[in-house]
Amino acid sequence: MATRPGISETPGIPGTPWKHPTVAFFKKKNKSDSESDTSVTTNGGSGSGDGDSDSGGESESGGDQYMRDPRKARAWFDRAKTVADSRQYDYAIQCLLNGLRFDPDRMEQHEALHEVAAKRKATGGKPAGFLDKPPVSGKHSVEKMLEAEYKWAKDPLNAAHVLSAMEHAAKAELEEVAFWLGEHVVEANRIAKKPAKAVYIKARDFFAQIGAFDKAADACRLALVMDPQNMALARELKTLEAERTIMQGQYDEGGGFRKSVKDLKGQVEAAQEEAIAKTEVAKEQMIKRARHDLAENPDDPDMKYKLVRALLDKEEEKAEAEAVKLLEELFTDTEQYRFKMHKGDVLIKQFRRTLREMRTRLDETPSDEALKSEMRQLATKQIKFELDEYTDRVKNYPTDMSLRFELGRRQFAMHDHDAAIGSFQEARSDPKHRAASLRYLGESFAAKNWWDEAIDSFRDGIEMHPTDDDALALALRYNLMDALEGKARRDKDLALAQEAGKVASQIAQVNLGFKDIRERVEGLRALAGELRDGGNGDNGG
C-alpha cells in the first residue's frame, strides 16, 4: 500500500517568498509572474517545503521571509478534495493544512477545512489527542495559526482553538482570515455550555487590531450582556461604536470589512473596480478581465467566483442568469454550501427588485386590478421560495441562530405560527436577535390569542432591548399594548385595560405619529371607563 506523502514529497517546485499583503497590493499576481519567480529561493533552501529551511530567524509577525508557492498549494488542495469525497476526513484535513501552509490566505480553502471538520464531527470524529502531531507547525505566525486550525478542525466547537487561530492570523496580518475566524470564535463561544466573557473580550481586541470595529463592537456587546454592570466595558463599547461609524463610511453598501481586506491583499484590479465601477463601460471591463483570468485558471474557484461578482455588479437579468449558473457549478464542484446560499440570495434579490418595479407601476396606475393580482401572486411565490431557502440553510447550519431567526420570519409571514414559535424560541438565545425574536414570538402567540404568553414575550423583549425610542422598542410596546387590550376585553379586566392605556401613553409621548397611537390612546381610555363602570359598552353608563 502506498504511503501518504508528507510535505516534502509534494512535486518539487521551488517556493517563492511570501509577499506581505500591503506589499502585494501594488503587484498583481499572474501566471507569468509565478513562472518567473519559481527560480527564487531563500536561506539557500531548495523549496522542498519540509518546514525546516525557512522557519529559522524570522519575525513573529511574518513578512517577506515566509515561503509561498500557490502551485504547490494547489496540488495539496486538489488532493484534499479527492480524499474528502471518499470520506477520508482526517487525511483531507492534513492535505488542506499542508496546502494552506503554501498559500495561507486562500479563504475558500479555510472554509473547505471547516466544512470537512463539520463532516468529521458528524461522523463521530474525536478531538486531537495529546500525542497527535499537527501536519504544520513552526515559529512563524502562519504556522502557529495553522497548528491552531488543526486543533479546531478536530474539535470544531472549541472556542479556545479558533481564538488562538484568530490571534495568530491577526499577527500574520492575514486580516480576512482573522475576520472569518473571529466570526467562528463568537459563534462557538455563544453556543458553549458556559460562554466565557474573556473569549468575547479577546475576540473584541483582535477584531479591533485588524480594523473590524463593527465586529469588535458586537463582541464587546456580548461581553457586556454577561456583565451588564461593567462600566469599563460600556465605555469601550461606545468607543468601538464610534470607530465603526467612521469606518462604515469607507465601505460600499455591498462590501464591508472582508471585501476591503481583499482589496488590501494584492488585487490591484479589485481596487480599481471598487473605485471606478460606476459606469457600464467599467463594469464590462471588469467582466472581460474576470473572463480572461478564469480562462487562464479554469480550475480555480476564486477566478470563477470573481466572474460571478463582476456579472452580478451589472444587475441585469442576463448577467445574473449566468452568475446563477456559475454558482451552481461552484457548489457542485466544491460542495461549499456558501455558493448555494449566494445563488439563493441572488434569486431573492431578483424577486424583490421585480416587486419594487411592480409597485412603481402600480403607483402610476393604482386602479390596475390585473397588476395588483400579479403582485400578490409574485409576493406569495417569493415568500414560499424564501421559506424553502432558509429551511435548507438551517438544515445545513443548525447552530446559526441568525438563520433560525430569518426562517422564523418567513414562517410567521406564511402564518405558520406554531413553526414560527419554535424558531423564535431558539433564535432568542442569540443576544443579537434576542429582542427581535421576542417581538415575533409574542406576535405569534397573539395570533393564536394566547394573550398571557404574548404579554410575557413582549415584556421580556422590552427588558432585553436597551433603548426605548427606536423602531423595535416602539413595536414591542405597541404589541404589548395590543396584547394587554386583547386580554382585558376577553377577561373584562380593568387593571389590564389601564396598563394598556399607560403603555399607549408612553408610546405617544415618544412618537405621537407612530401608527394609530392617537386613536388607541382614546380608545383605551374609553375601554377603561366602560370596565370601571362595570359594563362592556352595551349596558354601562
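When I say two residues touch, I mean heavy atoms within 4.5 Å. With that in mind, take Glu-322: leaving out residues up to four places away in sequence, Glu-322 touches Arg-291, Leu-307 and Leu-311. Glu-322 sits in helix 16, and with 28% relative accessibility it counts as partly exposed. There's also a C-alpha pair to look at here: Glu-322 and Leu-312 are 10 residues apart in sequence and 9.0 Å apart in space.

Okay, let me back up and show you the whole thing. What you have on screen is a predicted model, so please keep that in mind throughout. The protein has 541 residues, and 47% of them are buried. For secondary structure, we get 25 helices and two strands. If you take contacts with a separation of 6 or more, 62% of them join residues 24 or more positions apart. The accessible surface is about 27300 Å², and carbon and sulfur atoms own 51% of that.

Now, the inside. The largest nonpolar core has 63 residues, and the ones touching the most other members are Met-145, Leu-181 and Phe-207. Which helix gives the most to this core? That would be helix 4, with nine residues.

Let's zoom in on Met-145. Not counting residues up to four places away in sequence, Met-145 touches Pro-104, His-110, Ala-165, His-168, Ala-169, Leu-174, Val-177 and Leu-181.

Keep His-110, Ala-165 and Leu-181 in mind, and go over to Glu-149 in helix 6, which covers residues 141–154. Is Glu-149 buried or exposed? Its relative accessible area is 0%, so it is buried. Setting aside neighbours within four places in sequence, the contacts of Glu-149 are Leu-97, His-110, Leu-113, Ala-165, Trp-180 and Leu-181. So you've got a glutamate with 0% relative accessible area, and leucines, an alanine, a histidine and a tryptophan are among its contacts.

On to the open spaces. The second largest pocket has a volume of about 450 Å³. Of its 25 lining residues, the closest to the centre are Lys-81, Gln-109, Asp-333, Thr-334 and Gln-336. Helix 3 (70–85), helix 4 (89–102), helix 5 (107–122), helix 15 (301–313) and helix 16 (317–334) are the elements giving two or more residues to the lining. Helix 3 has the largest share, seven residues. How many of the lining residues are charged? There are 12 charged residues, along with 10 nonpolar and three polar.

A quick stop at the backbone. Most residues other than glycine have a negative phi, and most peptide bonds are trans. Two glutamates are worth a click here. Glu-335 isn't a glycine, but its phi is positive, about 60°. Glu-335 is in the loop between helix 16 and helix 17 (337–364), and it is partly exposed, with a relative accessible area of 36%. Glu-173 also has a positive phi, near 60°. Its loop runs between helix 7 (159–171) and helix 8 (175–190), and Glu-173 counts as partly exposed at 28% relative accessibility.

Last one: Asn-396. You'll find Asn-396 in helix 18, residues 369–396. Its relative accessibility is 39%, so it counts as partly exposed.

How values were computed: Residues numbered from 1 in each chain as written. Predicted model: local features only at pLDDT ≥ 70, side-chain atom pairs only at ≥ 80, totals over all residues. Heavy atoms only, no water. 1 Å grid on protein atoms, 1.4 Å probe; cavity = no way out; pocket = protein on both sides within 12 Å on 5 of 7 lines; lining within 4 Å. Points joined across faces, edges and corners; volume = space filled by probe spheres on them. Helix = DSSP H or I, 4+ residues; strand = E, 2+ residues; numbered from the N terminus. Nonpolar A, V, L, I, M, F, W, Y, C, P; charged D, E, K, R; others polar. Buried < 20%, exposed > 50% of the residue type's maximum accessible area, 1.4 Å probe, protein only. Areas by Shrake-Rupley, 256 points an atom, 1.4 Å probe, with all protein chains shown as cover. Core = buried A, V, L, I, M, F, W, Y, C linked by side-chain atoms within 4.5 Å.
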